[in-house]
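Here are a few notes for you to read with the model open beside you.

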Amino acid sequence: MNNADTSANRGSLDELAAAVRSCTSCGLHAGRTNAVPGSGSASGGIMIIGEGPGANEDEQGLPFVGRSGKLLDELLAEIPLSREDVFITNVVKCRPPYNRDPLPAEVTACRPYLERQMELLDPKVIVTLGRHSMLRFYPKGKISKDHGKILEWEGRILFPLYHPAAGLRNPAIKQELQQDVLRLPEALRAAARIS
Ligand code: URA
Ligand code: SF4
């Protein structure tokens, strides 16, 4: 995997991250310790999008650094990829209280940041983790039916996966995740065909 960042979009991503850290566009800013703009490669072609930061992420200002993140690292290692090869972020950049689902108004308020990240990163493959992230791209989707499918979305490949937290709660879902993630190379090949 080529993970040499092109400096042009790296700088813009860093500027965007600074804007996220000082953002007060929705109520979630009030409860945050740190905003979590996202991290990883600006040029790897893969963007992984979770739901929102949890307690560990809020403490460290980095995405997927708790138990879900450990499982995500293990899943990526099967490809093999590391988190430095991909860009990881969330639908909302500040932690919802008690890890509740983000409210539609919060998702809407935060949406311009995710959109700008997609513009800058121009990912070939968008991997969504969990239902909420999938619905952002595929409102009619059903995670139980669509997980692991290689779908097209606006000239990119959309590859919805279960959320690692669901895998931690349910061994059957963890198995599905382990099987699904093995199709990521196929998703990348599909992306090469449509781009
Ligand atoms: N769950 C998410 O959806 N995102 C994180 O960053 C961590 C846990
Ligand atoms: Fe701003 Fe998004 Fe944080 Fe809300 S969740 S305060 S919109 S960065």
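A polar contact, as used here, is a pair of N or O atoms within 3.5 Å. Please keep in mind that this is a predicted model.

1. **The ligand site.** Which residues surround ligand 1? They are Gly-50, Glu-51, Gly-52, Glu-57, Pro-63, Phe-64, Asn-90 and His-163. A polar backbone atom of Glu-51 is 2.8 Å from an oxygen atom of the ligand. Asn-90 takes part through its side chain, with an N or O atom 2.7 Å from a nitrogen atom of ligand 1.

2. **Phe-64 itself.** This ligand neighbour deserves a second look. Phe-64 sits in the loop between α2 (55-60) and α3, and its phi is near 50 degrees, a positive value in a residue other than glycine. For background, most residues other than glycine have a negative phi. Phe-64 is buried, because its relative accessibility is 5% and the cut-off for buried is under 20%.

3. Is Glu-154 buried or exposed? With a relative accessible area of 67%, Glu-154 is exposed.

4. The buried residues in α3 are Ser-68, Gly-69, Leu-71, Leu-72, Leu-75 and Leu-76. Viewed down the helix axis, the buried residues of α3 fall within an arc of 160 degrees, so they line one face of the helix. Their cover includes β2 (46-50), β3, β4 (125-129), α7 (164-169) and α8 (171-181). On the face turned away from the buried side you will find the exposed residues Arg-67 and Lys-70.

5. Lys-70 pairs with Glu-74 in a salt bridge, the closest N and O atoms being 3.2 Å apart. Why are these two separated by about one helical turn? Because they are 4 residues apart in helix α3. As a general point, an α-helix has 3.6 residues a turn, so residues three or four places apart point the same way. Lys-70 is exposed at 55% relative accessibility, while Glu-74 is partly exposed at 37%.

6. **The loop from α3 to β3.** Pro-80 lies in this loop, and the peptide bond from Ile-79 to Pro-80 is cis, with omega near 5 degrees. Asp-85 is found in the loop between α3 (67-77) and β3 (87-90) as well. Asp-85 is buried yet has no salt bridge, and the nearest side chain of opposite charge, Arg-83, is 10 Å away. A polar atom of the Asp-85 side chain does lie 2.8 Å from the backbone nitrogen of Ser-82.

7. **Other salt bridges.** The count comes to 12 salt bridges. One of them joins Arg-100 and Glu-106, with the closest N and O atoms 2.8 Å apart. Glu-106 counts as buried at 7% relative accessibility, whereas Arg-100 is partly exposed at 30%. Another links Arg-183 to Glu-186 at 3.0 Å between the closest N and O atoms. Arg-183 is partly exposed, with a relative accessible area of 30%, and Glu-186 is partly exposed at 33%. Salt bridges that share partners also join Arg-111, Glu-115 and Arg-136 into one network.

Conventions. Residues are numbered from 1 along each chain as its sequence is written. Chains are lettered from A and ligands numbered from 1 in the order in which they are written. This is a predicted model: local features need pLDDT of at least 70, side-chain atom pairs count only at pLDDT 80 or more; totals for chains, interfaces and linings use all residues. Side-chain values use heavy atoms; hydrogens and water are left out. Buried means under 20% relative accessible area, exposed over 50%, partly exposed in between (1.4 Å probe, protein chains only). Lys and Arg count as positive and Asp and Glu as negative; His and the chain ends are not counted. A salt bridge is a side-chain nitrogen of Lys or Arg within 4 Å of a carboxyl oxygen of Asp or Glu. A polar contact is a pair of N or O atoms within 3.5 Å; within protein, one must be able to donate a hydrogen and the other to accept it, and residues adjacent in sequence count only if both atoms are side-chain atoms. The arc is that of the directions from the helix axis to the C-beta atoms. Contact means heavy atoms within 4.5 Å. A residue is near a molecule or strand if one of its heavy atoms lies within 4 Å of it.
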